[in-house]
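Q: Hi! I've just opened this one and would like a tour. Where shall we start?

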Amino acid sequence: MQGKTVVITGATSGIGAVAADRLAGQGARIVFIARDKARGEATLQQLNATAPGAGHAVHYADLSRLAEMKRVGAEIAAAEPKIDVLINNAGAMFTTRQETADGFEKTLALNHLSYFVITNLLLDRLKQAGHGRVVSTASDAHKAGRIDFDDLQAARRYSGFGAYGNSKLMNILFTRELARHLEGSGVSASCLHPGFVATRFADNNSGMLASIFGVAKTFALSPEKGARTIIYLASSPEVEGRTGGYYHKCKLAKPSAAALNDADAKRLWGVSAELAGIGA
């Protein structure tokens, strides 16, 4: 990874923070997007301690807001002549249905549309790298997901677990369709299940959900173990040129039948492009 540029979202805590630090330790220059300035500065200090003089950089944005996704994507594209790896890792679960300023259900906006928008805005820079990689954090939670194109915003029926599972299914469908769009470009796309990891995930909630996750995290993987597959997909020569796959424990895994539906993948891409006004 010496001299390579890695752009990562969700890098200020959990598996994203570990992945960024380990890739920096391998010689990569890390460019990350943070929402909170205090955590962003702390992460930047840690990266500079791990790999001094590499020129690591932070950009600030709220990736649940479409205008912010577009602004920060354009900022990074303007600042970086080439990007070797893009890691889409930002995400959250919300107990109650919330809408963003754009009128999007928040899980859909943060967990799926931010992947779609940031990736599309940085594709030219990934192509400049010659063998760029897009790595997206999905989850085995996708196996409970179902894409209802008539209620993509979960306006009629909402549950935190349901919306999260749906968004993780979207991550896999997005990866499959992205791989198709990138055929012949030299850029690969892959996604992964990190395992259930003890991170800040779900800490934004309260009540029963917070209690359930609080107990469950005592049995969860450490962020160091959870980050292994991200690091592998971002850096290993073993996956050079391999595209469209879903990985767990650094090996190809079989997702659900719904995640292999290429007609849904193509349709989701079109709907996402329409919602975001980008990437058709």
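**A first look around**

A: Let's start with C250, which is partly exposed, having a relative accessible area of 26% (buried is under 20%, exposed over 50%, partly exposed in between, with a 1.4 Å probe and protein chains only). Keep in mind that this is a predicted model, where local features need pLDDT of at least 70 and side-chain atom pairs need 80 or more, though totals for chains, interfaces and linings use all residues. Residues are numbered from 1 along each chain as its sequence is written, and side-chain values use heavy atoms, leaving out hydrogens and water.

Q: Thanks! Where does C250 lie?

A: C250 lies in the loop between β7 and β8. Helices here are DSSP runs of H or I with at least four residues, strands are E runs of at least two, and both are numbered from the N terminus. The phi of C250 is near 65°, a positive value in a residue other than glycine.

Q: Is K249 buried or exposed?

A: Exposed: K249 has a relative accessible area of 64%.

Q: Back to cysteines. How many disulfides are there?

A: The count is zero, taking a disulfide as a pair of cysteine sulfur atoms within 2.5 Å. C191 is in no disulfide, and its nearest cysteine sulfur, that of C250, is 14 Å away. The story from the other end is that C250 is in no disulfide either, with the sulfur of C191 as its nearest, 14 Å away.

Q: How buried is C191?

A: C191 has a relative accessible area of 1%, so it counts as buried.

Q: New topic: helices. How do α4 and α5 pack?

A: Helix α4 (residues 106-128) and helix α5 (residues 160-181) pack at about 20°, with axes 8 Å apart. That makes α4 roughly parallel to α5. On the α4 side the contact is made by T107, L108, N111, H112, Y115, F116, T119 and L123, and on the α5 side by A163, Y164, S167, K168, M170, N171, F174 and L178.

Q: I need some definitions there!

A: Contact means heavy atoms within 4.5 Å. Axes are lines fitted to C-alpha atoms, for helices over the stretch in contact, and angles run from 0 to 180 degrees between N-to-C directions. Under 35 degrees is roughly parallel, over 145 roughly antiparallel, 65 to 115 roughly perpendicular, and the rest oblique.

Q: Okay, at what angle do α3 and α4 pack?

A: Helix α3 (residues 66-79) packs with α4 at an angle of about 25°, and their axes are 9 Å apart. So α3 is roughly parallel to α4. Here L66, M69, K70, V72, G73, A74, I76 and A77 in α3 meet A109, L113, S114, V117, I118, L121, L122 and R125 in α4.

Q: What about α4 and α9?

A: Their axes come within 11 Å and cross at roughly 85°. That makes α4 roughly perpendicular to α9. L108, H112, L113, F116, V117 and N120 of α4 make this contact with L268, W269, S272, A273, L275 and A276 of α9.

Q: I clicked on V271. Which helix is that in?

A: V271 is found in helix α9 (residues 262-276). At 23% relative accessibility, V271 counts as partly exposed.

Q: What does V271 touch?

A: Not counting residues up to four places away in sequence, V271 touches F149 and L152. V271 and L152 are 119 residues apart in sequence, but 9.5 Å apart in space, C-alpha to C-alpha.

Q: And A179, where is its place?

A: A179 is in helix α5, and it is buried, with a relative accessible area of 10%. Leaving aside neighbours within four places in sequence, A179 is in contact with A189, T243 and G244. S190 is eleven residues from A179 along the chain, and their C-alpha atoms are separated by 8.0 Å.

Q: Last one: how many residues of α8 are buried?

A: Helix α8 (residues 228-235) is mostly covered, with six of its eight residues buried. Those buried in α8 are T229, I230, I231, Y232, L233 and A234.

Q: What covers them?

A: The cover of the buried α8 residues includes α1 (14-25) and α7 (223-226), along with the strands β4 (85-88), β5 (133-137), β6 (188-193) and β7 (245-248).
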